[in-house]
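Work through the exercises below with the sequence and the model open. Try each task before you read its solution.

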Amino acid sequence: NVHTHTRTRARARPLQGRPINNGAHLSLYVSDLRAAYREAERLGVVFVNHRFKRRAYSLDESVQQCMFRLLDIVDPLDLEGKPIIRLEHEVRSVVNADGTKYKSCPFYDIPEGL
């Protein structure tokens, strides 16, 4: 199950040539944030949006923040190709680092095995 929501924000200026998302984004909840981050890092799609205070530059920061972001959606079987779409995704953990349910997790129960 994936819970999503979208947000629209006012346009922001790019910071020092970094890509920036100025519009909607999706929020996805995953049961294994570490594995999701490692795969996103392998695919080269981890993104830090400087408009937000919460930023994850590494796996450890991602676990601490209970989230990380993606901007480009790519085909994992064609890494030489262009991104399929550019749409910001905030990937959130269903649990905090201590195993308790993350505050904004929309699920009533934490999936078994976490």
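**Exercise 1: a charge and a ring**

Task: find what sits over the ring of F52.

Solution: The charged end of R69 sits over the F52 ring, 4.0 Å from the ring centre. The rule asks for NZ of Lys or CZ of Arg within 6 Å of the ring centre and within 35 degrees of the ring normal. This is a predicted model, where local features need pLDDT of at least 70 and side-chain atom pairs pLDDT 80 or more, while totals for chains, interfaces and linings use all residues. Residues are numbered from 1 along each chain as its sequence is written, and side-chain values use heavy atoms, with hydrogens and water left out.

**Exercise 2: the fold in outline**

Task: state in what order the elements of the protein run from the N terminus.

Solution: Count first. There are 2 helices and 4 strands. Helices (H or I, at least four residues) and strands (E, at least two) are DSSP runs, numbered from the N terminus. The order is β-α-β-α-β-β.

**Exercise 3: an aromatic pair**

Task: classify the pair formed by Y37 and F68.

Solution: Rings of Phe, Tyr and Trp (its six-membered ring) pair if their centres lie within 6.5 Å; planes under 30 degrees apart are stacked, over 60 edge-to-face, the rest tilted. The count comes to 1 aromatic pair. The Y37 and F68 ring centres are 5.1 Å apart and the planes stand at 80 degrees, so the pair is edge-to-face. Now place the partners. Y37 lies in helix 1 (residues 33-43) and F68 in strand 3 (residues 67-73), so the pair ties together parts 31 residues apart in sequence.

**Exercise 4: the core**

Task: list the residues of the largest nonpolar core.

Solution: A nonpolar core is a set of buried Ala, Val, Leu, Ile, Met, Phe, Trp, Tyr and Cys residues joined through side-chain atoms within 4.5 Å. The largest has 11 residues: L33, Y37, A40, L43, V45, A56, L59, V63, F68, L70 and V91. Helix 1 gives the largest share, 4 residues. Of the protein's 114 residues, 33% count as buried.

Conventions
Buried < 20%, exposed > 50% of the residue type's maximum accessible area, 1.4 Å probe, protein only.
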